[in-house]
Amino acid sequence: MTTARTSGHGPLSGVRVVELAGIGPGPFAAMLLADLGADVVRVDRPGGPGLALDPAHDVTNRNKRSVVVDLKAPDGPARVLDLAERADVLIEGYRPGVAERLGVGPGNCHARNPRLVYGRMTGWGQDGPLAPRAGHDVAYIALTGTLGLIGDPDRPPAVPANLLGDFAGGSLYLVVGVLAALHHARVHGTGQVVDAAIVDGTAHLSALLHGMLAAGAWQDRRRANLLDGGCPYYGTYETADGRHLAVGALEPQFYAEFLGVLGLDGFADAHGDPARWEELRAAVAERFRSRTRDEWAARFEGTDACVAPVLTLREAPHHPHLAARGTFTDHGGLTQPAPAPRFSATPTTVRTGPARPGADTEAVARDWDVPGLLAPADATEPRTHLSPLLRSPHGKAPQ
């Protein structure tokens, strides 16, 4: 690990990370490392990011610094290798083989820095029949069987935004892999390549369900199981105002309290009797439709019935519990999730807003002792952002 000064605070203070700009899970993983205190330098392309999102609002680039390097320019790869030589970690999200063609693949980087942890973020992985193909979150989770778990049986599977694949199965597994490899590098003095594929991570997330399936405790179809909405005391219900409540009263004692608050009699034995579940579901649904979401939330307040209001993104930061914990924070006028998890000795924070492409070139050149980053001013100005409809899908790298 390097010991040079960084701008970070947190358990990863002193760790240097190079992020080759991409979209989706790669930037989120780099943000998490930055939140934990690493000095993350994002290498942006002259054409700007791959999404038509104003860089000032892209919170996945918070706590980072940015330089602009044209990897297709004659001196572009050398600038990135200069950074890699001084880094502990490099993250890229190109299609397999593209980094090598650009001259910044693992072989190039390890020749300059054998201790480097080289993190690769893709949807399909570095090998296999689909490795060279483009893709997005929804396709990755479809093949793993996890998308097929979600939703009603008589409707198409429900798409869980891009949280399950990109960020849970992708970003978080890349970060776990990078940190494990970083520990190995500190102990043994050698770096390695971390192949983080969204299909692998998302499949891994379903480990418990595969065990239940093998044991006969899970049916391989939607809304037929304890945890997929098939159970009437684990799911969501509409209220009188068209909003919703989430119910998770799985254990008998919580189920009893749930029925008590609802005022439903005669269903105590329905907890363990699937034959009565549809009857119970209808009774619960009718009762919930008699009051608004917030009226029911007030009634369940202070109980162990495991009932919570389903909040919107705008509502969530104002919930009393999340507000008391500081789960969300405001920085530079942007409301955003605060860094997680929390540390007793090395607290984390949002130190800086989203890095603007190229804005930190001079400071990084000085702090990392990479004078080759300094270029004519016009080379550090990003061009007009393209519509996402005109750009390549996630996983497609420069040609």
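Start with helix 6, which lies across strand 4, strand 5 and strand 6. Against strand 5, helix 6 runs at about 165 degrees. Keep in mind that you're looking at a predicted model.

The strands belong to an open sheet of 6 strands, in the order 3-2-1-4-5-6, and the pairing is parallel. Who stands at the edges? That would be strand 3 (64-68) and strand 6 (192-197). Each of them has a single partner strand, so one side of each is left without a neighbour in the sheet. Going from one strand to the next, the twist averages 20 degrees. If you're wondering what holds such a thing together, strands of a sheet pair through backbone hydrogen bonds, either parallel or antiparallel.

Let's walk across part of this sheet. Strand 1 (residues 16-20) pairs with strand 4 in the parallel sense, over 3 bridges. Here V17 stands opposite V89 in strand 4. Move on, and strand 4 pairs with strand 5 (residues 117-122), again parallel, this time over 4 bridges. On this side, E92 has R120 in strand 5 as its bridge partner. Then comes the step from strand 5 to strand 6: these two run parallel and are joined by 6 bridges. R120 turns up here too, standing opposite D195 in strand 6.

Are its faces covered or open? Both faces of strand 4 (residues 89-92) are covered. On one side you find V89 and I91, on the other L90 and E92, and all of them are buried.

The structure holds 10 aromatic pairs. One of them joins F28 and F167: their ring centres are 4.7 Å apart and their planes are at 35 degrees, so the pair is tilted. F28 lies in helix 1 (residues 25-35) and F167 in helix 6 (residues 163-188), so this pair ties together parts that are 139 residues apart in sequence. F167, at 17%, counts as buried, because the cut-off for buried is under 20%.

Another tilted pair is made by F258 and F288, with 6.3 Å from centre to centre and 45 degrees between the planes. F258 lies in helix 9 (residues 252-262) and F288 in helix 10 (residues 277-288), so the pair ties together parts 30 residues apart in sequence. F258 is buried, with a relative accessible area of 0%, and F288 is buried at 0% as well. The charged end of R291 sits over the ring of W296, 5.7 Å from its centre. The charged end of R299 also sits over the W296 ring, 5.8 Å from the centre.

Helix 10 lies across strand 7 and strand 8, running at about 40 degrees to strand 7. Those strands are part of an open sheet of 3 strands, in the order 7-8-9, with antiparallel pairing. Its edge strands are strand 7 (234-238) and strand 9 (307-309), each of which pairs on one side only. Neighbouring strands of this sheet are turned by 20 degrees against each other on average, direction ignored. Between strand 8 (residues 244-248) and strand 9 there are 3 bridges, in the antiparallel sense. A246 has A308 in strand 9 as its bridge partner.

Time to zoom out. The protein is divided into domain 1 (16-206 + 339-374) and domain 2 (239-328). How many Å separate their centres? Taken over C-alpha atoms, it's 39 Å. In total, the secondary structure comes to 13 helices and 11 strands. The C-alpha atoms fill a box of roughly 75 × 45 × 45 Å along the principal axes. Of the 399 residues, 45% are buried. And among contacts between residues at least 6 apart in sequence, 67% join residues at least 24 apart.

Conventions. Residues numbered from 1 in each chain as written. Predicted model: local features only at pLDDT ≥ 70, side-chain atom pairs only at ≥ 80, totals over all residues. Heavy atoms only, no water. Phe/Tyr/Trp six-rings, centres within 6.5 Å; stacked < 30°, edge-to-face > 60°. Buried < 20%, exposed > 50% of the residue type's maximum accessible area, 1.4 Å probe, protein only. Lys NZ or Arg CZ within 6 Å of the ring centre and 35° of its normal. Domains from an automatic or database assignment. Pairing = 2+ DSSP bridges. Axes fitted to C-alpha atoms, helices over the stretch in contact; angles between N-to-C directions. Contact = heavy atoms within 4.5 Å.
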